[in-house]
Amino acid sequence: MHRYVIAGNPVAHSQSPFIQARFAEQTGQSLTYDRLLCPLDAFAATLQAFAEGGGAGCNVTVPFKFEAFALAPRASERATLAQAANVLRFDAGGWYADNTDGIGLVRDIERNAGVPLAGTRVLVIGAGGASAGALGPLLKARPAELVVANRTVDKAQVLVDRHAAVAAASGTRLLARGLAHCGEAFDVVINATATSMQGAAIPVAPHVLRPGSLALDMMYGPAARGFLDWAAAVGATGRDGLGMLVEQAGEAFQVWRGVVPDTAPVLTELRNRLAGTAK
Ligand code: ATR
């Protein structure tokens with residue numbers, strides 16, 4: 001039996017065990033997947049103990065994605081660009097770090113929402129870990145323009161500088177901006193700030209959207225509600241982060257097991273399950 005966990009703090013409400021159990025059933029893979037609550041000051045030691053006890057790998061969630069990347073001697077190109085990892089695989093030759101958040105986001109936008117990103121104008125709000133994980137795969141989808149807008153512009157600029165070569169290879173105009181003057185009428189707007197989680201105001205003006213834009217919040221459930229209502233008020237199509245969650249999980253499953261699961265039925269099932277429990 002191969003053992004995996006979602007490592008974070010908190011992890012009690014993570015949907016990852018449900019998602020990974022469905023993928024395992026679907027593909028006939030023999031594995032277990034549990035939650036591993038890591039003390040804030042003992043992430044590395046807790047993971048080490050899990051790996052030594054026979055763990056094969058893990059997902060990593062807040063607030064440990066940067067630390068997870070730093071712990072692994074080997075990393076994928078996308079994790080290196082992000083400087084953050086949401087997936088570790090405990091290979092015999094050393095831990096391997098990957099980041100499947102960005103590809104999960106791109107797949108949700110392109111396949112599930114049916115919006116091809118090539119040639120579009122994209123706004124990413126936020127320049128923390130969530131944004132860092134998304135930028136590389138977003139750029140590889142070849143948008144015409146990608147603006148990273150953040151309260152602290154310097155942090156957006158650091159991300160933009162780190163992704164300059166990828167942007168050039170994709171022919172994408174990549175820019176760092178403040179929140180007040182980040183542009184108008186984007187085709188796709190992605191909220192990667194902590195505002196939804198905090199219940200804070202949407203940090204940009206509604207004119208960043210136009211009727212028919214796709215407005216995606218990386219959160220789901222009640223946390224995403226404010227952003228989705230804000231988008232609907234200007235005629236944009238709102239989308240929560242549930243599809244991204246399932247797609248990043250599908251890519252993680254592939255990194256660990258070498259098998260591609262079918263994400264679509266799991267997303268439908270998870271949406272129904274959460275709708276049934278949301279009050
Ligand atoms: P994560 O790893 O989830 O991205 P993070 O690294 O703490 O979390 O980043 C949070 C992001 O939300 C940052 O872009 C932050 O802006 P700053 O870099 O200026 O701190 C943004 N953020 C948090 N609260 C915000 C608020 N009330 N208004 C606007 N942006 C906010």
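I started with P63, which I found in the loop between β3 (55-60) and α3 (65-71). My note on the names: helices (H or I, at least four residues) and strands (E, at least two) are DSSP runs, numbered from the N terminus. The peptide bond that leads from V62 into P63 is cis, with omega near 0°.

Before going on, I wrote down that this is a predicted model, where local features need pLDDT of at least 70, side-chain atom pairs count only at pLDDT 80 or more, and totals for chains, interfaces and linings use all residues. Residues are numbered from 1 along each chain as its sequence is written, and side-chain values use heavy atoms, with hydrogens and water left out.

I looked up another cis peptide bond, which joins N9 and P10 with omega about 10°. P10 sits in the loop between β1 (2-8) and α1 (16-27). Then I checked R142, which is not a glycine and yet has a positive phi of about 60°. R142 belongs to the loop between α6 (129-140) and β8 (145-149). I noted these because most residues other than glycine have a negative phi, and most peptide bonds are trans.

**Entry: the two domains**

Next I looked at how the protein is divided. The assignment gives domain 1 (2-99 + 243-278) and domain 2 (102-240); such bounds come from an automatic or database domain assignment. I found 18 residues of domain 1 and 19 residues of domain 2 in the contact, where contact means heavy atoms within 4.5 Å. The C-alpha centres of the two domains lie 24 Å apart.

I then looked up the area buried between domain 1 and domain 2: about 1600 Å², with 58% of it from carbon and sulfur atoms. Buried area is the accessible area (1.4 Å probe) that two parts lose on being put together, summed over both. In domain 1, L81, M244 and E247 lose the most area to domain 2, together 39% of what that side buries.

**Entry: pairs across the contact**

How many salt bridges are there between domain 1 and domain 2? I found three, a salt bridge being a side-chain nitrogen of Lys or Arg within 4 Å of a carboxyl oxygen of Asp or Glu. I also looked up R271, which forms a salt bridge with D240, their closest N and O atoms being 3.1 Å apart.

Which elements give two or more residues to the side of domain 1 that touches domain 2? They are α4 (77-82), α11 (242-257) and α12 (263-277). The largest share of that side, six residues, comes from α11.

**Entry: salt bridges in the whole structure**

Searching the whole structure, I got 15 salt bridges. One that I looked up joins D91 and R74, whose closest N and O atoms are 2.5 Å apart. This pair links distant parts of the chain: D91 is in strand β5 (residues 87-91) and R74 in strand β4 (residues 74-75), 17 residues apart. A reminder to myself: side chains of opposite charge can pair when their charged atoms come close.

**Entry: around the ligand**

Last, I turned to the ligand. Of the 15 residues around the ligand, A127, N150, R151, T152 and K155 come nearest; a residue counts as near if one of its heavy atoms lies within 4 Å. In the side chain of T152, an N or O atom is 2.5 Å from an oxygen atom of the ligand. A130 has a backbone N or O atom 3.0 Å from a ligand oxygen atom. A side-chain N or O atom of Q198 is 3.3 Å from a nitrogen atom of the ligand.

Note on methods:
Polar contact = N/O pair within 3.5 Å; in protein donor to acceptor, adjacent residues only side chain to side chain.
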